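Have your viewer ready and your selection tool at hand.

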Amino acid sequence: MLTGWRKSVSRFFIIPQRVILSIMGFFAIANAYTMRICLSVAITEMVKKIHTEEPDGEEYCPVIGNGGDEDSGGEFEWSEELQGVILSAFYWGYVITHLPGGLLAEKFGGKYTLSLGIFSTAIFTLITPVTIEWGGSTALIVLRFLEGLGEGTTFPALSALLAQWIPLKERSKLGALVFGGGLVGTILGNSISGVLLHNIDGWHSVFYFFGGLGCLWFVLFVVLCYSNPESHPFISDEEKAYLKEELGTLERDKNLPPTPWRAIFTSGPMLALICAQVGHDWGFFIMVTDLPKYMSDVLKFSIKENGIYSSLPYALMWIVAILTGFLSDWMISRKIFTITAARKWFTGIAAVGPAIFIVAASYAGCDRTLVVILFTIAMGIMGTFYPGMKVNPLDLSPNYAGTLMAITNGIGAITGILAPYVVGVMTPNRSITEWRLVFWIAFIIFVVTTVVYSIWASGDVQPWNTPHLLNKSVEQGDNDDEKAAETEKSKLEQSLKEEKIDRQS
């Protein structure tokens, strides 16, 4: 009777469960980003704009309408440096929980590791207004740190989930869909925050709105999604059979030995991936965290215009991410590109293109239309990052995808601590000249890290993905003789080659 009930319920789901998981994963990251960046917009209205003398030799834009009005803003007199500390505090906690989040997701499944992290961030977002009124900037810094702790599990847990649910032939497009949620979250966080701040007195509504959405997502996700196909009560027999054929197993091998840390941290492709992540995140976090401030402080946009124009670059970036996700899968399936070549090319485009256009934007001066166009093109091109290196951890090691994502995203997130603070220190006068230097530094970091990735990156499954096979071959070599060990090694290498061929076809 229970079997019949399960089959009847599974027929209710017209959309495959792996797609439902991908959609909910998309909304998970979207919610995470709205709660992460809404403060970046709100802070422009929370802080009183203090009039300072404009030093000689600096470039400034004239005020148009009420944009950048020196008498506008809120009641808090926070310096640019303090604002940089507040905006970076989130990433202090964000870095800490990446690795634990990945390990927990691999051991116990990604469902609750992901959902509880988002839920805790939603609660902290809801109580942001009362926390600020109670403890001011210090309390806000502590609260943002706690939000980062909750959200740090997001990407590692999602990578563990995707490794259990998404076949290789669908990895680029569904991976781009899921991770593209960060772009949609940035769009909604910027645009909706601007609308709320423009139409509702005070800044509190921003945090209530996005915190409430996060709680709603938590309820839906817990009901609809599961850690792997085998544990899903409503998945159809057809989809389960398909996933078993494509993925080989529907549950992670619980008999795997401890994580091969030494092999991971001495792997050339893994180190190249970390390097590329650092380069991407430096430029991305500058844009996500400080673009609203640039629009407000430098270009003198009003709060409503700020929200709209700050979101445009991410709208194009999301579209590019989805389209190039399909393009990448098509090129790999047609053998136009190997997996490695696809990852390198799309990652390179996502770094060099933005590096050029953000510097060009700084030389566009006060031509607001041209600056918005250049920033939009820059971030649009960055969308190729998602079918590039963002899904690369799943290529290198499906068994340890959560851990790899935790390592790369966690180390990359350190730039989220440094970038806002560095920007605050480098732009005390909020001039175009100061910001131009910020963008040139981002240009150099983009280019150097991309060169490293282009040389050493790989899209092949690494031998340390199955360390128990390696250990077995070594043990047999010790117990028998060197010839037997070489035979086992050859078998292992042949197995990896066959797996590589299967993945490329």
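Is Gly25 buried or exposed? Select Gly25: this glycine is buried, with a relative accessible area of 0% (buried means under 20% relative accessible area, exposed over 50%, partly exposed in between, with a 1.4 Å probe and protein chains only).

Some ground rules: this is a predicted model, where local features need pLDDT of at least 70, side-chain atom pairs count only at pLDDT 80 or more, and totals for chains, interfaces and linings use all residues. Residues are numbered from 1 along each chain as its sequence is written, and side-chain values use heavy atoms, with hydrogens and water left out.

Stay with Gly25, which lies in helix 2 (residues 17–46); helices are DSSP runs of H or I, at least four residues, numbered from the N terminus.

Next, select helix 5 (residues 110–126), which has 17 residues. Colour its buried residues, among them Lys111, Leu114, Gly117 and Ile118. Covering the buried residues are elements including helix 2, helix 4 (98–108) and helix 10.

For the last stop, show Leu188, Gly189, Ile192, Ser193, Leu196 and Leu197 in helix 9, which meet Ser205, Val206, Phe209 and Phe210 in helix 10. By class, this contact has seven nonpolar, three polar and no charged residues (Ala, Val, Leu, Ile, Met, Phe, Trp, Tyr, Cys and Pro count as nonpolar, Asp, Glu, Lys and Arg as charged, and the others, Gly among them, as polar).

Technical notes
Helices (H or I, at least four residues) and strands (E, at least two) are DSSP runs, numbered from the N terminus. Contact means heavy atoms within 4.5 Å. The expected span of a helix is 1.5 Å times one less than its number of residues.
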